[in-house]
Amino acid sequence: MQERLYLSHAELDAAAADDVQAYVADAGFRFAGRSVPDQGQFDFGDRGQQMRAASVVLVLLTDSMPEDEVVAREIDASLDLAMGLVVLRMDEHVDVPQHLWDTGAEVLNWTSAVDLDYLPIAIDAARKGAVLLEKAAQRGSGSGAACARPPRH
Amino acid sequence: MNANVYAPPADPWVPVTDGGPAPEAYVSVYLSSPLARLPVRDVTRLEDNKSDPNLETSTYGLFSTCEPIMRTSIANRGIREIFFVTTIEGRGRALVGYYALGWSAIVDEGDVAFAASQSRFVDPIMVASLRGRAGKALQPRLRNFKIVDAPTATALRHAVDEHPDRTDDYLAEITRLERMSLSRTGFRYPSWDRKEPFSWDAAAPYLSDLNVAEDAPNSSPTGAWICAACKSRIVNRARLKVCNVCNARGTLIPEESH
């Protein structure tokens, strides 16, 4: 089954997000929503509902993204909702911000054909990883301690 | 803490005997992560987080109880190379790298660990694509490990050496999986109750004081263990060397036989 994606991007990156959405849709993936949706494009309600309808969040990493509070909240929400997380770096010179780095999400470069070929596998692995680690968290540690996500900074 | 206190050539590590021409080598199969772009060990395996092959310290058998028979045989036969093979989901079995062993250490009675003087991990070389001695050795069904003769070891080494060294990329992928686990469970290795990465800093409880471990198998029928020292119950498919709770070494006993 192809995963349903949620596209997380800074408001300033709407045009780049359009390109990515078209590319990824051509690869066979469906979108449940995105940070700044065009009116009428998605038949779900608010962003939270759109995220819940997806299994993987695709984050666009640009110069604008690190300062965008909506994207930061969506990254946090992807962990809360046990969703996979994949990063598409639109410009390979942009550093991965710490809070995104800490998630261990796969970072792929939009300008790399090799990385784009790998994108469907990365999306699938991200979804599997989220499911697996949610199971691990629910079972607790080896000694039976509760598994709790570290506090956010 | 000075990490080198525990790294070779510090005690208890001793050089692997150079007994002249290279003898046989071992081929070792490990479980790789289905979540990783490169086939690193299965860091996030459910209730069985993997620590070997431990590329962070270039060791095998220091932190885990994996393959005790192979490790004993390596010591007894004076073997100086391990070639690593793993199955990649959807692609098949691949040769991925090797350790040239530099040191061994008796960490407990009957338990030997190895440290490599050189390690090299590369883009996976599909076993089906290997020709000659290398293909003949690896294409038959192989479960956990096997010995190969010196000419075959040479062929395998050449196959790996023909590819660019990506050991640093393997290390980066291990740390990425650790971060993924930490961000979602609060532990890099939840079944070990472990929040820190593996490193020589982490080796102290595994190398200090030669120990007489409890005589116990490597697996528990229930997947659970009882620590003979602190009585904690530990869930991990394979036996851990050190108790998650009290850090005592060699004290875990299968729950059923306790």
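**Exercise 1. Determine which span helix H4(B) should have and how far apart its end C-alpha atoms are.**

Solution. Helices (H or I, at least four residues) and strands (E, at least two) are DSSP runs numbered from the N terminus. The expected span is 1.5 Å times one less than the number of residues. For the 19 residues of H4(B) this gives 27 Å, and the end C-alpha atoms lie 27 Å apart, so the two values agree. After the helix comes B:Gly186, with a positive phi near 85°.

The model is predicted: local features need pLDDT of at least 70 and side-chain atom pairs pLDDT 80 or more, whereas totals for chains, interfaces and linings use all residues. Residues are numbered from 1 along each chain as written, chains are lettered from A and ligands numbered from 1 in written order, and side-chain values use heavy atoms, without hydrogens and water.

**Exercise 2. State how many residues of chain B are in contact with chain A, and what area is buried.**

Solution. With contact meaning heavy atoms within 4.5 Å, 27 residues of chain B touch 35 residues of chain A. The buried area (accessible area, 1.4 Å probe, lost on being put together, summed over both parts) is about 2500 Å², of which carbon and sulfur atoms give 57%.

**Exercise 3. Find how many salt bridges cross the interface of chain B and chain A.**

Solution. The rule (a side-chain nitrogen of Lys or Arg within 4 Å of a carboxyl oxygen of Asp or Glu) finds 4 salt bridges. Among them, A:Arg139 pairs with B:Glu47 at 3.5 Å, N to O. On the side of chain B that touches chain A, helix H4 (167–185) and strand S9 (233–235) each supply at least two residues; H4(B) gives the most, with 9 residues.

Conventions:
Buried area = accessible area lost by both parts, 1.4 Å probe.
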